[in-house]
Amino acid sequence: MTDTDRAGPRNRLHLPRRHHGPRVTTDQARSRLRSLATGARPSRGQVVAAMLLALLGIALVAQVRSTDEAGLRQLRQAELVALLDNVTGRVDALQQEVVQLEADRLRLQGEQGGEAAAVAAAERLESYAILAGTVPVQGPGVTIYVNDPEGGVTQTMMLDAIQELRDAGAEAIQIGAERVVASTWVGTDAEGRVTLDGAPLVPPYRIVAIGDSHTLAAAMAIPGGFSDSLRGVGATVNVVEDDDLLVDALHPAQEPRYARPVPSAPE
């Protein structure tokens, strides 16, 4: 009798028992694989739904592309060039603004921050005076001459002209003897004449806008815009670019009735 036999059943190691089931043949394994493959195959309804979704996606993409291309195909070559110049001009202006703001930030963070802050405040005040129309300004831009013999120009058309010039980056606008500022409104008087801040505008109209002259001129040539609208009512439009224009009409500063600055939050 060995020592293991004498230690009894409590000290014996028990190995896991193997399951001795029926042996699976190669043919049976292949049959099970074919069954699994058949079970994972999508049903006919799922295939039809997937095809419909794919066709719907293709149709939507084609429709979007077709709409964009159709809108551009209707434009003439000169109109496409004007539109491209307008977009390019705006991109250049925004890039220059980014560079200027970055330079201001670095200057304010430098050793001469106090002096730089005073200079920046003076420049900011000057910009506000220009935007408020309280100082005359000069610079490059365009002069737009509008001859309206039939009196077809409406307040909506004049408002469109202001908006299109602003969108093209105009920094100062004057119509007739009136300065256009943020609070300017366009209306009509009792005689049906177009008014600007309540003052009647008498044709022929003369609009002066200071900004990038090429971009402003291109904005006035956009199809369906201000110039096309005026030609539709029998008016004529002539846009002249110039390197040095003067906007000398002033707008009196007015105290806001309702708007007040929001107090700075305590740090």
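Is Glu191 buried or exposed, and what is its relative accessible area?

Tutor: Glu191 is exposed, with a relative accessible area of 64%; exposed means over 50%, buried under 20% and partly exposed in between, using a 1.4 Å probe and protein chains only. The model is predicted, so local features need pLDDT of at least 70 and side-chain atom pairs count only at pLDDT 80 or more, whereas totals for chains, interfaces and linings use all residues. Residues are numbered from 1 along each chain as its sequence is written, and side-chain values use heavy atoms, with hydrogens and water left out.

Glu191 forms a salt bridge with Arg193, the closest N and O atoms being 3.5 Å apart; the term stands for a side-chain nitrogen of Lys or Arg within 4 Å of a carboxyl oxygen of Asp or Glu. Arg193 also forms one with Asp189, where the closest N and O atoms are 2.8 Å apart. Arg193 is partly exposed at 32% relative accessibility, and Asp189 is partly exposed too, at 22%.

Next comes the sheet. Strands β4, β5 and β6 form an open sheet in the order β4-β5-β6, with antiparallel pairing. β4 (186–188) and β6 (199–200) are the edge strands, each with a single partner, so one side of each has no neighbour in the sheet. Strand β5 (residues 194–196) runs antiparallel to β6 and is joined to it by two bridges; two strands pair if DSSP finds at least two bridges between them. Pro200 in β6 is the bridge partner of Thr195. Helix α6 (residues 155–167) packs on this sheet and touches β4 and β5, its direction making about 165° with that of β4. Contact means heavy atoms within 4.5 Å; axes are lines fitted to C-alpha atoms, for helices over the stretch in contact, and angles run from 0 to 180 degrees between N-to-C directions. Helices (H or I, at least four residues) and strands (E, at least two) are DSSP runs numbered from the N terminus.

The salt-bridge count comes to three. One of them links Arg231 with Asp228, with 3.2 Å between the closest N and O atoms. Both residues lie in helix α8 (residues 226–232), three residues apart, about one turn of the helix. Arg231 is partly exposed at 48%, as is Asp228 at 37%. Shared partners, in turn, join Asp189, Glu191 and Arg193 into one salt-bridge network.
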